[in-house]
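Please look over the sequence and the model shown here before reading on. The paragraphs below then lead through a few of its parts in turn.

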Amino acid sequence: MQSTARGEGRRLAARHRNIELGLLVLAVAACLAGHIDASLALTGSMPKGLLVQVLPLGALVAVAHLAVRRFAPYADPLILPIGVFLTGFGLMLLNRLDFSYKAAHAVKGDYQKLPAAPSQLMWVFISVAAALALIVFVKHHRFFQRYVYLLMAGALILLTAPVFSPTDSFGAKRWIKLPGLPSFEPDEFVKVAITIFFAGYLMASRDALALAGRKVWGMTLPRGRHAGPVLAIWAVSLLVLIFERDLGTSLIFFGLFIVMLYVATERTSWVVLGVLMAVGGATVVGTLEPHVHGRVEAWLHPMDYYKAVHDPAISEQPAEALFSLGTGHMTGTGLGSGRPWLIGFAGRSDFIFTTIGEELGLAGVTAVLLVYVLLIQRGLRTAVGLTDPFGKLLATGLSAALALQIFVVVGGVSGLVPLTGKALPFLAAGGSSLLANWLMIALLIKLSDSSGRTALEPAPPSPEPLPAQAGPADRSATPTPTAPGTDPGPGMTPGPGTAPGTGPSPAPAGAADPGAPTELRPAFGRTPTGPQPAGPRPDGPQPSYGYPPVADQPTHGYGRPPQSPYPPDPAAT
């Protein structure tokens, strides 16, 4: 029976892999169709070297599918296709923007004329290879549970490293530049490492953090000693905001901890406390720090840039982003037919989102956001299906980190929140962002593989049931009441008034004693199987035969003590 269930689970897992293969083909085809459509609108001809561009990407996707089929056969069939679609869609948008930037900035001679798509394509191969290495060589997600504090130490070092950079980029110290090496953004990797640390820390400390504290205005606040970790994380996020002037990382860093803390403790007081601390800290820093203050002013008054006299900290990009999104209307101008390149370095920043809004309209923006929501939902569904607390918190944290980053980027471009400068996951140019996001995809695949294995593959049965799980055959040695003059059967205790000569029947020769001590069931605690004396019980304390005395037995929770092992005494009634 169990082998049948296991075979059915494996067949269902193989069906999921076939669904994944079909979705991968659909994702590649959709991105290829967009690339052809944009090229026809821009040049009036098919893109040059189409096969040279498509074949390596197709081979990479095929290798990724085979690796998941071999090393994560029970994984969710949607996670990998969503990652492939978003990555291919981003490459298509970058290639479309490169064509316009090359034509518009050729005379100016600035860096904008340099294409971004070839570099991003190289990072696609590096990122997918790193994700496949994680899927192949990490056997189980609990491997990271051993190194949570080591990962936290490395994350803090990476997080503080940009502070010592002598220069900043676009007003923020977010990149590390080493001689002879390309610059990279460490906070993208910190996002993944700190999620793993939070999952390990909260798994070990959730009981202490969930203890009740004082009630203030009807809300139960945490105890002072348990609020220490929250205060420490809040202080670190403020330091990042002050010294690195990185609003996006600070919001994601602190918001991620609050979300995971609420999931671990189920206390809304943590959320309220976290929101109050985040708003208070951001208000103070936004007032005192010039760069952050300029972004807040640009968010509140984006059109002030066009006034004759305005705050020099206000840039033109927030207003241009609103114009670009408004131009798209419902269905957009069409790929290659808009003018998103009028926003400076749109393809290399969070403003790539305006390209979608202008050329694909509200319908395209909604479709892309729904794809993101679907990826987040699959991560949360994976968290629900996992059985270990570390895996649940890790899957929840990865999904929350992705959701928070999408919120701050899309909200900043559309005017909902101040601009943060974070890269839109999978779409915007940036090797650090792409690599970190593909590592998140690999982690979600491993987590969903564990969740699917638990759901589809039954666990092997125990070689012998434990005493608490004993079935009817194992309870046959327990004395049960019998009618007078009847034979209670082999191994049963005769009841009072049993007719002479009708004792217990001997067990068959060679039959195993169901109450015999085994490795899983020791000798103590067994009910004796031999014949018991008939008639009224003598006065005084009765032997328990491994059970506690009846008067001392605990109740079951319904006010009813466990059934006595003795048969009823007719003389007592």
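**A helix, a helix residue and a loop residue**

Helix α8 is mostly covered, with 15 of its 19 residues buried, where buried means under 20% relative accessible area, exposed means over 50%, and partly exposed lies in between, with a 1.4 Å probe and protein chains only. The model is a predicted one, in which local features need pLDDT of at least 70 and side-chain atom pairs count only at pLDDT 80 or more, while totals for chains, interfaces and linings use all residues. Residues are numbered from 1 along each chain as its sequence is written, and side-chain values use heavy atoms, with hydrogens and water left out.

Helices here are DSSP runs of H or I with at least four residues, numbered from the N terminus. Helix α8 covers residues 247–265 and reaches 27 Å from its first C-alpha to its last, close to the 27 Å expected at 1.5 Å a residue, the expected span being 1.5 Å times one less than the number of residues. Just after α8, E266 takes a positive phi of about 60°.

In helix α4 (residues 117–137) lies S127, which counts as buried because its relative accessibility is 0%. The side chain of S127 reaches the backbone oxygen of W123 at 2.7 Å. Leaving aside residues up to four places away in sequence, S127 touches L434, L435 and W438, contact meaning heavy atoms within 4.5 Å.

The loop between α13 (389–414) and α14 (431–456) holds G421, which counts as partly exposed because its relative accessibility is 26%. Although G421 and D350 are 71 residues apart along the chain, their C-alpha atoms are separated by 6.1 Å.

Conventions: Helices (H or I, at least four residues) and strands (E, at least two) are DSSP runs, numbered from the N terminus. A polar contact is a pair of N or O atoms within 3.5 Å; within protein, one must be able to donate a hydrogen and the other to accept it, and residues adjacent in sequence count only if both atoms are side-chain atoms.
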